[in-house]
Amino acid sequence: MNNSNLIKLVTILLVVAVFTLHINQAKAAPLILLLDVWLLSFVPLAVQCISGNCTGLGHASFWGILSTILFGGIAPMIGQELCQNGQNNAWFTNCQGNTFTGTTTGQASGEPVLNNQSFTAACNSVSLNYDISNASSYAIFRTTAGATESTSVNSGSAQGLSNITYTDSNLTPQTDYQYILAMSDSVGTQYQYPPQIAYTQCRPECTFSVDKSQVVFPETATLSWTCSYADSCSISPTVGAVNAQSGTATVSPTSTTDYILTCQNADGSISFSSSLNVINPSIKEIKP
């Protein structure tokens, strides 16, 4: 093989190696940059050699081919396999505690596939839904912000299933939870998928009432309320700021009034209403 053909081969191999690395998820950015620069710097040499001037490029081409195959193709594959087994390495990080996230694209026939995933978060629970295929068994792992280990919250057989639903209860309000689905094929090989981050949003929850539905002016009535997850509350009209957990207030409106209890916390505000009907008696003069 003359030097011109050798340079062409090296150029092709570099292109393939860089492309392979680019389609690999979670690869180390410095390595990508290194190979990109290497490829771009090699193109002028290839053009030079094709034009007939290849002097001194044979050895460089050999070592370029060897190092590109090792560092651009084989090493990332080994790194991905180590990561799936929970071991961090130069190409992949965050591999411990069941936090490796794979991909469903390009999977071979017969491997488990995650077609879709979604969740609905409430104040102290998260409802998960997964659309799957080809799985033999499954497990759902949960972690919280700052945690280094995950906990299996649900698992079971997935044979014959196309949908997995699970509600994780008794959670802490206003907290981020990460959920990762792992599925196994018929021979026990496990596949893990991108996590879902669910925030347990929790606006105030209150009961608000008045002890009478109707009064005759100038009679009074009593408003009462009990709230959870509220940082501050107020009642309008006329009453103003009130205790955010519970309390009562005496009112004496001159006309029918809708009282509004508004409470808020970091997740937002919410209002509750209670109506009081007021009758104003009319006095008629009776002539003798």
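## A buried cysteine and the basis of the model

Cys 123 is buried, with a relative accessible area of 9%; buried means under 20% relative accessible area, exposed over 50%, and partly exposed in between, with a 1.4 Å probe and protein chains only. The structure is a predicted model, in which local features need pLDDT of at least 70 and side-chain atom pairs count only at pLDDT 80 or more, while totals for chains, interfaces and linings use all residues. Residues are numbered from 1 along each chain as its sequence is written, and side-chain values use heavy atoms, with hydrogens and water left out.

Helices (H or I, at least four residues) and strands (E, at least two) are DSSP runs numbered from the N terminus.

## The disulfides

A disulfide is a pair of cysteine sulfur atoms within 2.5 Å, and by this rule the count comes to 3. Cys 123 lies in the loop between strand 1 and strand 2 (126-133), and Cys 202 in the loop between strand 8 (196-199) and strand 9, so the pair ties together parts that are 79 residues apart in sequence. Cys 202 is buried, at a relative accessible area of 1%.

Another disulfide joins Cys 206 to Cys 227, with an S to S distance of 2.2 Å. The torsion about its S-S bond is about 115 degrees, so this disulfide is right-handed. Cys 206 belongs to strand 9 and Cys 227 to strand 11, and the pair links these distant parts of the chain, 21 residues apart. Cys 206 counts as buried at 13% relative accessibility, and Cys 227 is buried with a relative accessible area of 9%. Cys 233 and Cys 263 also form a disulfide, their sulfur atoms 2.0 Å apart. That link is right-handed, with 115 degrees about the S-S bond. It connects distant parts of the chain, with Cys 233 in strand 12 and Cys 263 in strand 15, 30 residues apart. Cys 233 is buried, with a relative accessible area of 6%, and Cys 263 counts as buried at 1% relative accessibility.

## The nonpolar cores

In soluble globular proteins, nonpolar side chains tend to be buried together. A nonpolar core is a set of buried Ala, Val, Leu, Ile, Met, Phe, Trp, Tyr and Cys residues joined through side-chain atoms within 4.5 Å. The largest such core has 21 residues, of which Phe 208, Trp 225, Cys 227, Cys 233, Ile 235 and Leu 261 touch the most other members. At least two residues of this core are supplied by each of strand 9 (205-210), strand 11 (221-228), strand 12 (232-236), strand 14 (246-251), strand 15 (257-265) and strand 16 (268-279). Strand 11 gives the largest share, 4 residues.

Contact means heavy atoms within 4.5 Å. Not counting residues up to four places away in sequence, Phe 208 touches residues including Leu 223, Trp 225, Ile 235, Tyr 259, Leu 261 and Phe 272. A second, separate core of 19 residues includes Val 126, Tyr 138, Ile 140 and Tyr 177.

Two strands pair if DSSP finds at least two bridges between them. An open sheet is formed by 3 strands in the order 9-11-14, with antiparallel pairing. Strand 9 and strand 14 stand at the edges with a single partner strand each, so one side of each is left without a neighbour in the sheet. Strand 9 and strand 11 pair in the antiparallel sense over 6 bridges. Thr 207 stands opposite Thr 226 in strand 11.

## Two individual sites

Glu 111 is placed in the loop between helix 3 (58-84) and strand 1 (113-121). Its side chain makes a polar contact with the side chain of Tyr 191 at 3.5 Å; a polar contact is a pair of N or O atoms within 3.5 Å, where within protein one must be able to donate a hydrogen and the other to accept it, and residues adjacent in sequence count only if both atoms are side-chain atoms. Leaving aside neighbours within four places in sequence, Glu 111 is in contact with Ser 133, Asn 134 and Tyr 191.

Thr 143 is found in strand 3, residues 137-144. This residue is buried, with a relative accessible area of 10%. Apart from residues up to four places away in sequence, Thr 143 touches Glu 149, Ser 150, Asp 176, Tyr 177 and Gln 178.
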